[in-house]
Amino acid sequence: MAFIKEESEDVKIDETFTVKQEDLQEQTDLIEEKEGSKEEEQHVKIEEKTHLHTNGILKRRDNNPFICTQCGKCFGRKDYLKIHMMIHTGEKPFTCTQCRKSFSCSSHLNYHMRTHTGEKPFTCTQCGKSFGRSSSLNEHMRIHTGEKPFTCTQCGKSFSLSSNLIKHMRIHTGEKPFTCSQCGKSFSQLSHLNKHTRIHTRKTIHLHSA
């Protein structure tokens with residue numbers, strides 16, 4: 001259930017930042033409208049990784065003939081693919097004039113600018129809490145509705161956030177992507193790695209104090 005329509009145009013903040021390659025901005029905004037929310041894209045990737053290719057996913061590929069040679073993601077238009085490739089090339093043409101941080105999408109710059117301005121234009125109608133992104137508001141609304149749209153294809157357990165589903169899937173896959181640089185031990189969650197690294201920190205402090 002979507003509670004708010006994603007912004008169709010970037011907020012104009014020309015006085016506070018400059019944009020390189022302005023001809024890409026219109027295409028970037030179109031991608032954000034057509035490709036849907038980031039969570040939905042991540043959910044599709046999870047299904048692909050587990051090789052459970054439903055008819056819906058196969059139809060999606062048929063309707064999106066432009067395929068990224070780096071990651072296999074599909075797009076309906078060539079210009080969408082071109083902008084997506086910036087993820088792999090590292091190109092970031094949109095730069096914040098406040099802190100010089102750069103972004104691949106103009107919308108990401110707009111979101112970032114709110115960290116400087118403190119702007120939170122998306123407000124929950126249930127409790128009044130405000131957010132800098134409409135996607136954050138949509139996630140928050142699930143607290144009130146109890147909606148859990150992300151479902152594990154292995155065991156059927158559902159989650160309100162795609163990130164929680166990704167973490168859960170590692171129980172089934174055994175994936176441990178977070179590795180300790182001190183001893184090489186790996187973990188399925190970043191929080192577990194952070195907790196583990198304190199063991200090395202305490203040992204270092206003990207050696208220096210001895």
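User: Why is Arg 114 called buried?

Analyst: Buried means under 20% relative accessible area, exposed over 50%, and partly exposed in between, with a 1.4 Å probe and protein chains only. Arg 114 has 7% relative accessibility and therefore counts as buried. This is a predicted model, in which local features need pLDDT of at least 70 and side-chain atom pairs count only at pLDDT 80 or more, while totals for chains, interfaces and linings use all residues. Residues are numbered from 1 along each chain as its sequence is written, and side-chain values use heavy atoms, with hydrogens and water left out.

User: What makes Arg 114 and Glu 119 a salt bridge?

Analyst: The term requires a side-chain nitrogen of Lys or Arg within 4 Å of a carboxyl oxygen of Asp or Glu. The closest N and O atoms of Arg 114 and Glu 119 are 3.8 Å apart, so the pair qualifies. Glu 119 is partly exposed, because its relative accessibility is 36%.

User: How many salt bridges does the structure hold?

Analyst: There are two. Arg 77 also pairs with Asp 79, with 2.8 Å between the closest N and O atoms.

User: How do you know that the span of H7 is close to the expected one?

Analyst: The expected span is 1.5 Å times one less than the number of residues. H7, residues 134-145, has 12 residues and reaches 16 Å from first to last C-alpha, close to the expected 16 Å.

Conventions: Helix = DSSP H or I, 4+ residues; strand = E, 2+ residues; numbered from the N terminus.
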